[in-house]
Amino acid sequence: MSELKQSQLKKSVAPFERNDLKVSIRQLANTLLPLIVLWAAAYWSLSVSYLLTLGIGVLASAFVVRTFIIFHDCCHGSFFSNKRANDILGIITGVITLVPYQQWKNSHAIHHATSSNLDKRGVGDLWILTVEEFAALTPLRKLAYRAYRNPLVMFGLGPIFVFVLQYRFNRNGARRKERLNTYLMNALIVAVYALLGWALGWQQFLMVQFPIFYLSGVLGIWLFYVQHQFEDSYFEKNDEWSYVMAAVEGSSYYKLPKLLQWLTGNIGFHHVHHLSPKVPNYYLEDAHDATPPLQKATTITIMQSFESLRFRLWDERDKKFVSFRDVKDRISNRRERLVGARRHKRAG
């Protein structure tokens with residue numbers, strides 16, 4: 001795609017880079033009110049059946065994901081036109097989703113600015129190695145990477161590690177505003193949890209809250225993972241990297257049934273979001289439908305998305321994601337060449 005076409009494509013979605021106060025307020029109402037009602041219903045159901053509690057919790061977790069999408073828009077300044085309103089709502093929804101507002105806002109901005117750039121990985125993204133990088137690791141580091149990329153670890157332990165532990169601490173080099181915001185949000189989360197635990201009883205509170213928190217965390221990690229981990233994705237070195245190409249070819253269109261699309265705040269139109277983060281979630285589909293080139297983005301259905309679980313490494317040679325099994329022989333041959341070279345060097 002030429003630079004002119006890339007520029008034209010970005011301009012084509014500019015009309016959707018606006019928010020509508022009435023739509024934003026309506027989305028707040030149809031997200032937070034059902035979440036509160038469902039949480040209360042789950043608590044009430046404890047006296048009936050814990051299976052019923054878990055069933056209600058599944059639906060409640062979907063509304064937590066939808067709440068996170070509102071938080072996400074606040075981080076981009078796209079939910080309200082007023083910056084302070086975005087900041088206040090971002091803190092409130094951050095407490096609900098256990099995500100620190102300023103910390104995530106800053107790291108996510110870096111993610112958008114460096115997505116699919118092989119020379120600028122490491123902030124706001126998943127740990128992704130190329131085939132050659134993995135082959136050069138020590139055995140211990142290979143084991144760590146394999147563990148990290150294992151679905152049981154990423155989606156099983158991931159929600160607890162990320163939302164309970166990682167997000168409670170500031171990043172290295174974080175500025176004062178970000179550090180203070182993390183402290184503030186930690187204090188607010190502790191206060192809210194302490195109040196609810198005291199009022200409802202800790203056991204009852206945790207029996208309701210933990211499944212909702214955990215499942216919403218799994219869903220959140222899954223959505224982020226699957227929309228950047230598809231076979232023919234896009235990764236380039238910095239000299240060849242393009243912001244528009246990273247958005248259109250490095251992010252997918254996750255085609256979901258209408259109900260799931262609504263519950264996930266249209267985030268399936270991830271290619272549109274990466275092209276223009278200022279488009280609020282409720283206009284992403286409109287931008288997609290009005291822009292023919294965006295309709296050619298990689299489309300992934302629910303069934304197709306499960307294939308992404310086998311992807312572990314980026315193959316720079318063939319420009320695609322591969323599994324460990326796919327490149328096993330190449331990695332073994334490279335290791336043998338390195339061992340041979342070392343022996344030859346010693347003999348010399």
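Tutor: A salt bridge is a side-chain nitrogen of Lys or Arg within 4 Å of a carboxyl oxygen of Asp or Glu. Keep in mind that this is a predicted model.

Student: What makes the contact of Lys319 and Glu236 a salt bridge?

Tutor: Their side chains meet at 3.4 Å, N to O. The cut-off is within 4 Å, so the pair qualifies. Lys319 lies in the loop between E4 and E5 and Glu236 in the loop between H10 and H11, 83 residues apart.

Student: Why is Glu236 called buried?

Tutor: Glu236 has a relative accessible area of 19%. Buried means under 20%, so Glu236 is buried. Lys319, at 37%, is partly exposed.

Student: What makes Asp119 and Lys237 a salt bridge?

Tutor: The N to O distance is 3.9 Å, and the limit is 4 Å, so the pair counts. Asp119 lies in the loop between helix H5 and E1, and Lys237 in the loop between H10 and helix H11, so the pair ties together parts that are 118 residues apart in sequence.

Student: Why is Lys258 called exposed?

Tutor: Lys258 has 55% relative accessibility. Exposed means over 50%, so Lys258 is exposed. The side chain of Lys258 meets that of Glu285 in a salt bridge of 2.8 Å, N to O. Glu285, with a relative accessible area of 22%, is partly exposed.

Student: Why is the aromatic pair of Trp39 and Phe205 called tilted?

Tutor: The centres are 5.9 Å apart, with 35° between the planes. Pairing needs centres within 6.5 Å; planes under 30 degrees apart would be stacked and over 60 edge-to-face, so this pair is tilted. Trp39 lies in helix H2 and Phe205 in helix H10, so the pair ties together parts that are 166 residues apart in sequence.

Student: What makes the pair of Tyr193 and Phe205 edge-to-face?

Tutor: The angle between the planes is 90°. Trp39, Tyr43, Tyr193, Trp202 and Phe205 form one aromatic cluster.

Student: How do you know that the charged end of Arg146 sits over the ring of Phe324?

Tutor: The charged end is 4.1 Å from the ring centre.

Student: What makes E1 and E4 paired strands?

Tutor: Two bridges join E1 to E4, and the strands run parallel. At least two bridges are required, so E1 and E4 pair. Thr130 stands opposite Trp314 in E4. The open sheet has the order E1-E4-E5, and strands E1 and E5 are its edges, each pairing on one side only.

Methods
Residues are numbered from 1 along each chain as its sequence is written. This is a predicted model: local features need pLDDT of at least 70, side-chain atom pairs count only at pLDDT 80 or more; totals for chains, interfaces and linings use all residues. Side-chain values use heavy atoms; hydrogens and water are left out. Helices (H or I, at least four residues) and strands (E, at least two) are DSSP runs, numbered from the N terminus. Rings of Phe, Tyr and Trp (its six-membered ring) pair if their centres lie within 6.5 Å; planes under 30 degrees apart count as stacked, over 60 as edge-to-face and the rest as tilted. A charge sits over a ring if NZ of Lys or CZ of Arg is within 6 Å of the ring centre and within 35 degrees of the ring normal. Buried means under 20% relative accessible area, exposed over 50%, partly exposed in between (1.4 Å probe, protein chains only).
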